[in-house]
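Please go through the structure below with a viewer open. The paragraphs after it take up a few of its features in turn.

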Protein chains: 2
Amino acid sequence: MSLIVQKYGGTSVGNIERIKAVAARVKTWRERGDRVVVVVSAMSGETDRLLALAKEIQARPNPREMDVLLSTGEQVTIALLSMALGGVGCPAKSYTGGQVHIRTDNSHNKARIRNINGARVEADLDAGCVVVVAGFQGVDEEGNITTLGRGGSDTSAVAMAAALDADECQIYTDVDGVYTTDPRIEPRARKLDRITFEEMLELASLGSKVLQIRAVEFAGKYRVPLRVLSSFKTGKGTLISFEEEAVEDAVISGIAFNRDEAKLTVLGVPDQPGVAYKILGPISEANIEVDMIIQNVTADEATTDFTFTVHRNDYEQALEILHSTTRSLAAREVSGDDRIAKISLVGVGMRSHAGIASRMFAALAKEGINIRMISTSEIKISVVVDERYLELGVRALHYAFELHHADGGC
Amino acid sequence: MSLIVQKYGGTSVGNIERIKAVAARVKTWRERGDRVVVVVSAMSGETDRLLALAKEIQARPNPREMDVLLSTGEQVTIALLSMALGGVGCPAKSYTGGQVHIRTDNSHNKARIRNINGARVEADLDAGCVVVVAGFQGVDEEGNITTLGRGGSDTSAVAMAAALDADECQIYTDVDGVYTTDPRIEPRARKLDRITFEEMLELASLGSKVLQIRAVEFAGKYRVPLRVLSSFKTGKGTLISFEEEAVEDAVISGIAFNRDEAKLTVLGVPDQPGVAYKILGPISEANIEVDMIIQNVTADEATTDFTFTVHRNDYEQALEILHSTTRSLAAREVSGDDRIAKISLVGVGMRSHAGIASRMFAALAKEGINIRMISTSEIKISVVVDERYLELGVRALHYAFELHHADGGC
């Protein structure tokens, strides 16, 4: 008998038929003897409907009241799902975030969970109930309703699993697992049975939108086994586990990509201490997040070229800031490009296998793809290329590392 | 500087424009220097929408979950109204029933308020905020969400006013006050400036649907001055006050009526002790509420005729029950009539004025209206007549007691 926390997103509970389907699925787990806690999102479309109401009143709605408003979305779902569970003979009790003491800080609209008191949920589980909890929401120290921001229901589920010391946290979504890359780009992309937390973090942050990154971090920190699976199909999905447990020892797990970035370069900066800070300080003050950063000494050794990437939406603003910084730094010029794409190879096996980078560069070179930036971490190599080479690059790497074979990636 | 609790019903907050209008109205009170607590219902249509969702899942939805579901309706309104207040420069904070500790018993869907802790609301008022509270809802001892049943927002407002020792509880609705009778039946019906709690109770329970009867009882018990007024028009509405304060000393305040009842008679019941119990026991066991009850000795003095009224919806079932009771009681026969109407004259002045009943019966007789049942209380005389005489009877009495004159009713 296991304790399972399941999370169903907005699409999975998007209408009454789907809520009934979720109830039926939960019932099969109960019938196996498992104890089940279900965390749900608002029905798809509901959050947008509420947002639109608020926007009719205030262009920038009051954040505290926004949370009071938006948290009703999940509350509707927990009630309906509990009814549906009752309807199929599964006694169930629903709780809002506040009712099960999901304590957060007081950052409305983007609160972070501090702790959860699982006592009440455990009592209900002991009494044979399925417990249905509203995702995405909590209360601060003073009992004000908070929300975790969009997608926060994943984090709610993981936090609940951690608090209850659950055997597994299952995230049901509209995809059936984590793939070696996006199947829309590489049709031979293969679903992974297992992946490590670190790999998942790199894949998630690099644009595979399967799981909320904070939820993955949380699960890694509290060592909650996490599984991604489909609400609509059967199958075991992908288990996100700890490195020592990983059975597939492929070097490379997957290829992530991102076309939301833009690249900015300051050329010919006099090479003095504090250059990086002088360039990036004003960018960060404007609340622009920087992703990759590269600094190279130039041929004359007296100046340096400094390149970084930002979100494409921030490109124009960042360029403007750079122009004024450049003047004060007496740098030669500023250039930029918002038609780039980032492709990243991710895999814990890199740690113990040499030659991954050169194999990657060779595969890209063979296709005539020019690499514009390179950045590496322990389990990831990212390259920036012209946007038009994105699909070609992803496919070339997928093939080169044999990711379409279950025993590939080595 | 007064402390005012205002309650706005579903129609008054039925869309964004109306919510903004409520905010503007609240602002005028704030600008007079009053401290204001606002209690709101769900936007009109919202409760029905939620109910329909529940019914799609379960024909008889789980009562606990129903409360979790329905309470979201008011929660949406408090958030939107607080935003609208912020938008017009009136700082506001919203609270659910649970957040301001509106403690109820645990009768889901029809809970009763036990107590309210006003401390948090008072702190916000002291800080210069308008406090917006979700009506209709509370939490039980264990923190489960409860609702007070339809119309319960009136009770929430009165209970909040009692807890805060407010100077006045204002119920904003789509009528501008309490009338001497329904203006759709008697166009000369006149709005009352004042009425006593006892009169209001009789008028409310007899079918004037202005105020929830429980709210009036609550206000009377805790001596909260209650005022009914229009959300859409200006005007002072009707103040419901205590007898000693009533300035208009009209004998009769108004005429209520009800066409939702049906009459049942058991003829020729052997006159023994316990007859009433034997007849009404099975009716009450079937959860049918009985309104008027009359028992008369017949000419032969050995048998009695027993008549009572029930809600028209319960008529068929009550008749069926009576048929079997009648056999066991050896009564002669059962008859019934569901085409009746009840007309009631209400006024505290009856206590000190004789001859009201005979004047009432004379007025009805003059129009050829046959009285089928009579029942009296200290401040009310009700008659049952054929349904087709309802309008004629109401108008005749309105005229006979000169209710269209401000100095009438005496």
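The model is predicted. Chain A can be superposed on chain B with an RMSD of 0.3 Å, by a turn of 178° and a shift of 0.1 Å along the axis. The two copies are therefore related as by a two-fold rotation axis. Within chain A, Thr72(A) has the C-alpha nearest that axis, at 2.5 Å. Both copies use the same surface, in that 100% of the contact residues of chain A recur in chain B.

The contact itself joins 25 residues of chain A to 25 residues of chain B. On the side of chain A that touches chain B, α2 and α3 of chain A each supply at least two residues. The most comes from α3(A), which gives 14 residues. Sorted by class, this side of chain A has 13 nonpolar, ten polar and two charged residues.

Helix α2 of chain A runs over residues 46-57. Its twelve residues reach 17 Å from the first C-alpha to the last, close to the 16 Å expected at 1.5 Å a residue. Which residues of α2(A) are buried? They are Thr47(A), Leu50(A), Ala54(A) and Ile57(A). Seen down the axis of α2(A), these buried residues fall within an arc of 80°, so they line one face of the helix. Turned away from that buried side is a face with the exposed residues Asp48(A), Arg49(A) and Ala52(A). The cover over the buried residues of α2(A) comes from both chains: it includes α3 (63-87) of chain A, and α1 (16-31) and α3 (63-87) of chain B.

In soluble globular proteins, nonpolar side chains tend to be buried together. Here the largest nonpolar core has 243 residues. Those with the most contacts inside this core are Leu81, Val158 and Met160 of chain A, and Leu81, Val158 and Met160 of chain B. Leaving aside residues up to four places away in sequence, Met160(B) touches Val5(B), Val37(B), Val39(B), Ile116(B) and Val133(B).

Two loop residues of chain B remain. Most residues other than glycine have a negative phi. Asp165(B) is not a glycine, yet has a positive phi of about 55°. Its place is in the loop between α5 (152-164) and β9 (168-173) of chain B. Asp165(B) is exposed, with 12 other C-beta atoms within 10 Å. Ala330(B), also not a glycine, has a positive phi of about 55°. Ala330(B) lies in the loop between α9 (315-329) and β17 (333-337) of chain B, and is exposed, with 10 other C-beta atoms within 10 Å.

Technical notes:
Residues are numbered from 1 along each chain as its sequence is written. Chains are lettered from A and ligands numbered from 1 in the order in which they are written. This is a predicted model: local features need pLDDT of at least 70, side-chain atom pairs count only at pLDDT 80 or more; totals for chains, interfaces and linings use all residues. Helices (H or I, at least four residues) and strands (E, at least two) are DSSP runs, numbered from the N terminus. The expected span of a helix is 1.5 Å times one less than its number of residues. A residue is buried if 20 or more other C-beta atoms lie within 10 Å of its own, exposed if 12 or fewer, and partly exposed in between; C-beta atoms are placed from the backbone. The arc is that of the directions from the helix axis to the C-beta atoms. Two residues are in contact if their C-beta atoms, placed from the backbone, lie within 7 Å. Ala, Val, Leu, Ile, Met, Phe, Trp, Tyr, Cys and Pro count as nonpolar, Asp, Glu, Lys and Arg as charged, and the others, Gly among them, as polar. Copies are superposed by least squares on the C-alpha atoms of residues with pLDDT of at least 70 in both. A nonpolar core is a set of buried Ala, Val, Leu, Ile, Met, Phe, Trp, Tyr and Cys residues joined through C-beta atoms within 7 Å.
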